[in-house]
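This briefing treats one protein chain, displayed below with its sequence. The points are grouped by topic.

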Amino acid sequence: MTLPLAACTAGGPFAHNEPASPYAPGLDPRGEAVDGLTVGHRLMAAGQHELALEAFTRAAADQGLTAEVLMALGSANLALGRLHQAEPLLRRAVKEEPDWAEAWNNLGIVLIEKGETAEASEVFRRAFALDNGQSDSIRDNLRLALAKMENSVYGDELEQEYKIVRRGHGDYLIRRTGG
């Protein structure tokens, strides 16, 4: 039995760029790579959180663990529900960039998801102050954290009424889901 083999064209491995070609374009070794953070943010927007995490990891290899990379890694882990991986990354991000409201907000999301409402409310207060009250999502997250502290007798059924909604390049909001 003979198996059909794909033939190489005379133009080499990068010759599949003709418009009528059924093949994907080849890799151009002379081309510039797109920044891993840019790719990761686009993947996050598309809901591909695992692939985004891989892109952010590549960005970390290229750029080092900058506050922006730490925030991206933490946000991807948050989106994947990996709270224990997200928390230390976001804590490092706010340590390196203490005036970054979005990083504080995402750390607050992690804390509130872990049930650490008191610390989450303080973190949201800090994010709100740094943002000068400009972000509706940070204000809403702070409002929810304060309400949860005042009504700390939430039952399991009430805890399930909230979900995290991604609103931008790492901007998260806690939303009520119904009931």
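Contact means that heavy atoms lie within 4.5 Å. In that sense, Ala 59 touches Gly 36, Leu 37, Gly 64 and Val 69, not counting residues up to four places away in sequence. The model is predicted, so that local features need pLDDT of at least 70 and side-chain atom pairs count only at pLDDT 80 or more, while totals for chains, interfaces and linings use all residues. Residues are numbered from 1 along each chain as its sequence is written, and side-chain values use heavy atoms, with hydrogens and water left out.

**Overall architecture**

- The protein chain holds eight helices and two strands; helices (H or I, at least four residues) and strands (E, at least two) are DSSP runs, numbered from the N terminus.
- Along the sequence, the pattern reads α-α-α-α-α-α-α-α-β-β.
- Of the 179 residues in the protein chain, 37% are buried, where buried means under 20% relative accessible area, exposed over 50% and partly exposed in between (1.4 Å probe, protein chains only).
- Among contacts between residues at least 6 apart in sequence, 45% join residues at least 24 apart.

**Nonpolar core**

- A nonpolar core is a set of buried Ala, Val, Leu, Ile, Met, Phe, Trp, Tyr and Cys residues joined through side-chain atoms within 4.5 Å.
- The largest such core has 37 residues, of which Phe 56, Leu 73, Leu 107 and Phe 124 touch the most other members.
- At least two residues of this core come from each of H1 (36-45), H2 (49-63), H3 (67-79), H4 (83-96), H5 (101-113), H6 (117-130) and H7 (136-150).
- H5 provides the largest share of this core, eight residues.
- Leaving aside neighbours within four places in sequence, Leu 73 is in contact with Leu 53, Phe 56, Thr 57, Ala 60, Leu 65 and Leu 89.

**Packing of H4 and H5**

- The axes of H4 and H5 are 9 Å apart, and the two helices pack at an angle of about 150°; axes are lines fitted to C-alpha atoms, for helices over the stretch in contact, and angles run from 0 to 180 degrees between N-to-C directions.
- That angle makes H4 roughly antiparallel to H5 (under 35 degrees counts as roughly parallel, over 145 as roughly antiparallel, 65 to 115 as roughly perpendicular and the rest as oblique).
- The H4 and H5 crossing is left-handed, meaning that the near helix is turned anticlockwise from the far one by less than a right angle, whereas clockwise would be right-handed.
- From H4, Leu 83, Ala 86, Glu 87, Leu 90, Arg 91 and Val 94 meet Ala 103, Trp 104, Asn 106, Leu 107, Val 110, Leu 111 and Glu 113 of H5.
- The residues of this contact divide into nine nonpolar, one polar and three charged (Ala, Val, Leu, Ile, Met, Phe, Trp, Tyr, Cys and Pro count as nonpolar, Asp, Glu, Lys and Arg as charged, and the others, Gly among them, as polar).

**Packing of H1 and H3**

- H1 and H3 cross at roughly 25°, their axes coming within 11 Å, and they are therefore roughly parallel to each other.
- Their crossing is left-handed.

**Two buried residues**

- Ala 59 lies in helix H2 and counts as buried at 1% relative accessibility.
- Asn 77 has its place in helix H3 and counts as buried at 6% relative accessibility.
- Leaving aside neighbours within four places in sequence, Asn 77 is in contact with Leu 53, Arg 82, Gln 85, Ala 86 and Leu 89.
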